[in-house]
Amino acid sequence: MKKIITLLLALVMCFACVSLSACSEDDNVRNLDDIVKSGKITIATNAEFPPFESKEGTNYVGIDIEIAQVIADYLGVELVINNMDFDAVVTSVQKGQSDLALAALTISAKRKKAINFSEAYFGAAQYLIVKKTNTDFDACQTKDDVDAILAASTNKKGVAQNATTGYYYLKGSEDFGFTGFSNIQTSGLENPSLCAMALVNGQADYLVVDKEVAESVIASNNGVKAIEIALSSEEYGIGVNKSNSALLKIVNKVLENLKVIEQDGTSKLDKIFARHIND
């Protein structure tokens, strides 16, 4: 009898701990009123992904940083940036450690289970980067041509930033719809700069990264080139905690305003992109 009572008490304590854990996580999430009253809004980002987010000295710059500033200005609050590894960005918003995720974050079914997304604000594609001396892909005209060469390659190594679409393209991901390439030994690194270094130094043969980031990598590394064929089609969104519907509405309203076409035929969002992509 004592054993049964002890077991029941243990189960009750276990359920209580689970409940308290769930409540404490929810309590961490700041609603719209909390953000406005505090005078600050925090964004989770990975400032290693130019032109979307990076650092110049002590300053954060990039497309996502500008969009985040517009959101902060709309609310009349200060922008606070939480810089972290890319694979921690979604979790930071999910646990209420940051209010928003702005990190060139591709909208996917798996990520939607953890957080909500704003309306898309950018359509992205993946590019393959190789050394300039690599001629294997010179005759490629389509994605299928590139895939065929990747699938037939032997003793090759691939690299991409951890938890990015480029990594999943090489490694495979049901969530992103990629079968991957089991014949390629793929490694994930912390940022595109380290990936480019691995390629230049001969530690990798293939690098897959977003098109705009590919342009930045090529500009910084003379010995590499891009195979200018889109390997994917995806959309970026701003991540918001699932319990914060009021903040999500504000974010979508700001994006809607940024997309309005002005008298010169472009939108404010177009101008933000132009400042960073067309430099």
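**Entry 1: Thr42.** I looked up the burial of Thr42 and found it buried, with a relative accessible area of 15% (buried means under 20%, exposed over 50% and partly exposed in between, with a 1.4 Å probe and protein chains only). The model is predicted: local features need pLDDT of at least 70 and side-chain atom pairs count only at pLDDT 80 or more, while totals for chains, interfaces and linings use all residues. Residues are numbered from 1 along each chain as its sequence is written, and side-chain values use heavy atoms, with hydrogens and water left out.

I placed Thr42 in strand E1, residues 40–45 (helices, H or I of at least four residues, and strands, E of at least two, are DSSP runs numbered from the N terminus). Not counting residues up to four places away in sequence, Thr42 touches Arg30, Val80, Asn82, Gln97, Ser98, Asp99 and Leu100 (contact means heavy atoms within 4.5 Å).

**Entry 2: cores.** I noted that the largest nonpolar core has 50 residues, and that Ile41, Ile67 and Leu100 have the most contacts inside it (such a core is a set of buried Ala, Val, Leu, Ile, Met, Phe, Trp, Tyr and Cys residues joined through side-chain atoms within 4.5 Å). Another core, of 17 residues, lies apart from it and includes Val130, Leu170, Phe176 and Phe178.

**Entry 3: H3 and H10.** I found helix H3 (residues 63–75) packed against helix H10 (residues 245–258) at an angle of about 115°, with the axes 10 Å apart (axes are lines fitted to C-alpha atoms, for helices over the stretch in contact, and angles run from 0 to 180 degrees between N-to-C directions). H3 is therefore roughly perpendicular to H10 (under 35 degrees counts as roughly parallel, over 145 as roughly antiparallel, 65 to 115 as roughly perpendicular and the rest as oblique). From H3, Ile67, Val70, Ile71, Tyr74 and Leu75 meet residues of H10 that include Leu247, Ile250 and Val251.

**Entry 4: backbone.** I recorded a cis peptide bond joining Pro50 and Pro51, with omega about 10°; Pro51 is in the loop between E1 and strand E2 (54–56). Most residues other than glycine have a negative phi, and most peptide bonds are trans.

I then looked up Ala104, which has a positive phi of about 50°. Ala104 lies in the loop between strand E5 (100–101) and helix H5 (109–114) and is buried, with a relative accessible area of 5%. Asn155 also has a positive phi, near 55°, but is exposed, with a relative accessible area of 76%. I located Asn155 in the loop between helix H6 (143–152) and strand E9 (156–161).
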